[in-house]
Amino acid sequence: MAKNRSGEIPTFREAAGMVLDLQAEGGDSGSKRRRVAESILNLHVYPFIGDKKLDQILSPELMACLDRIWFEKRVTAHKAFKQIRAVMRWGLAHEFIERDPTEYVRDGLGPNPARTVHMPSQHHSLIGEDLEAIEGSKAYWATKAAVRFLVLTANRPGAVRGARWEEFDLARAIWTIPANRAKNREAFEVPLSLQALSVLHEAREHTGGVGLVFPSRRGLPISDSTMSKLFREHRVGSVPYGFRSTFRVWCAEVGVARQVAEPCLEHICDGVRPAQSPVEHRRQVLEAWGHYLFPIVPPR
């Protein structure tokens, strides 16, 4: 056994705590992410190997630990495996162990591929009917405005619901989603069409341009359930997230290049990160999308 600097081999629980600290220092983990990781370790890992020293942990023990949830709780099992592997590779790097016991665990447990989840979405030719139904409802103004802005920007519901005025440069017609709220953990600029700007001007009349752009009646971010409930009540053939698929289908049908369409959705395309995609290319697409949905821009 190779010796480390201290010569003392930690337990898995001790090593996991140090790895979680390192992940937090590296910006890879917010408080919520850490709580999730700790919860999974407490429930599914520590009871089996938490008090074992790293050099005493063997592949069969890891398989026994994960086998209970490998097929029943696929997502949780993969998160648990990922965290175990990070700890064991940390131990390998610090010479607490000579080999990584997670190396063949997946092979021993068997294939467990991700299950495709299809988000219900509406064809773009029918969006007008959906938006009319929502606009004519008795829902709070912010909820209705958020739906329009969601569709026009083809963005994620969470990003729209949490949007704040300080993220917007109306003179440049740019919405900059900060890194801590962006999917890829780097600030992302969303170009705003005239139709999207019209929604913002309406929202500013209600909020004074301070705080949340689309606040609930209580001044908090609109909840996901509130938006989803509105869709169900008015028989919208989509879920809020599904409008992204609708936009992507429209892009394909009108001939928007994949290298432009995917960054509009904040997707990495051919190794190019969304933030590296020219914002003006995306602006042309989103302006065309806005004009398709609302040919006549409401007066400001």
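## Lysine 52 and its surroundings

A polar contact of 3.1 Å joins the side chains of lysine 52 and glutamate 61, where a polar contact is a pair of N or O atoms within 3.5 Å, of which, within protein, one must be able to donate a hydrogen and the other to accept it, residues adjacent in sequence counting only if both atoms are side-chain atoms. This is a predicted model, in which local features need pLDDT of at least 70 and side-chain atom pairs count only at pLDDT 80 or more, while totals for chains, interfaces and linings use all residues. Residues are numbered from 1 along each chain as its sequence is written, and side-chain values use heavy atoms, with hydrogens and water left out.

Lysine 52 sits in the loop between helix 3 (46-49) and helix 4 (59-67); helices (H or I, at least four residues) and strands (E, at least two) are DSSP runs, numbered from the N terminus. With a relative accessible area of 27%, lysine 52 is partly exposed, on a scale where buried means under 20% relative accessible area, exposed over 50%, and partly exposed in between (1.4 Å probe, protein chains only). Not counting residues up to four places away in sequence, lysine 52 touches Pro10, Thr11, Phe12, Ile57 and Glu61, contact meaning heavy atoms within 4.5 Å. Glutamate 14 is 38 residues from lysine 52 in sequence, and the two are 9.8 Å apart in space, C-alpha to C-alpha.

## The chain as a whole

The protein chain contains 14 helices and three strands, and 46% of its 300 residues count as buried. Among the contacts in the chain with a separation of 6 or more, 67% are accounted for by residues 24 or more positions apart.

The three strands form an open sheet in the order 1-2-3, with antiparallel pairing, two strands being paired if DSSP finds at least two bridges between them. The edge strands, each pairing on one side only, are strand 1 (168-169) and strand 3 (188-191). Strand 1 pairs with strand 2 (residues 174-177) in the antiparallel sense over two bridges, and phenylalanine 168 stands opposite tryptophan 175 in strand 2.

## Nonpolar cores

In soluble globular proteins, nonpolar side chains tend to be buried together. The largest nonpolar core here has 50 residues, and those with the most contacts inside it are Phe149, Trp175, Leu192, Leu200, Phe214 and Phe247; a nonpolar core is a set of buried Ala, Val, Leu, Ile, Met, Phe, Trp, Tyr and Cys residues joined through side-chain atoms within 4.5 Å. Helix 8 (residues 141-153) gives the largest share of this core, nine residues. A second, separate core of 30 residues includes Phe12, Ala16, Val87 and Val105.

Leucine 192 lies in the loop between strand 3 and helix 10 (194-207) and is buried, with a relative accessible area of 2%. Leaving aside neighbours within four places in sequence, leucine 192 is in contact with residues including Phe149, Phe168, Trp175, Leu200 and Arg283. Leucine 286 is 94 residues away from leucine 192 in sequence, but the two are 7.2 Å apart in space, C-alpha to C-alpha.

Helix 14 (residues 279-293) has 15 residues and reaches 21 Å from its first C-alpha to its last, close to the 21 Å expected at 1.5 Å a residue, the expected span being 1.5 Å times one less than the number of residues. Its buried residues are Val279, Arg282, Arg283, Val285, Leu286, Trp289, Gly290 and Leu293. Phenylalanine 247, apart from its neighbours within four places in sequence, is in contact with Ala154, Ala261, Cys264, Leu265, Val285, Leu286 and Trp289.

## Cysteines and histidine 44

A search of the whole structure finds zero disulfides, a disulfide being a pair of cysteine sulfur atoms within 2.5 Å. Cysteine 251 is in no disulfide, and the nearest cysteine sulfur, that of cysteine 264, is 6.0 Å away. Cysteine 251 is buried, with a relative accessible area of 0%, and cysteine 65 also counts as buried, at 0% relative accessibility.

Histidine 44, found in helix 2 (residues 31-44), is buried with a relative accessible area of 10%. Not counting residues up to four places away in sequence, histidine 44 touches Cys65, Arg68, Ile69, Lys73 and Thr76.

## Threonine 207

Threonine 207 lies in helix 10, and its side chain reaches the backbone nitrogen of glycine 209 at 3.2 Å. Beyond residues up to four places away in sequence, threonine 207 touches Trp141, Trp165, Leu212, Val213 and Pro215.
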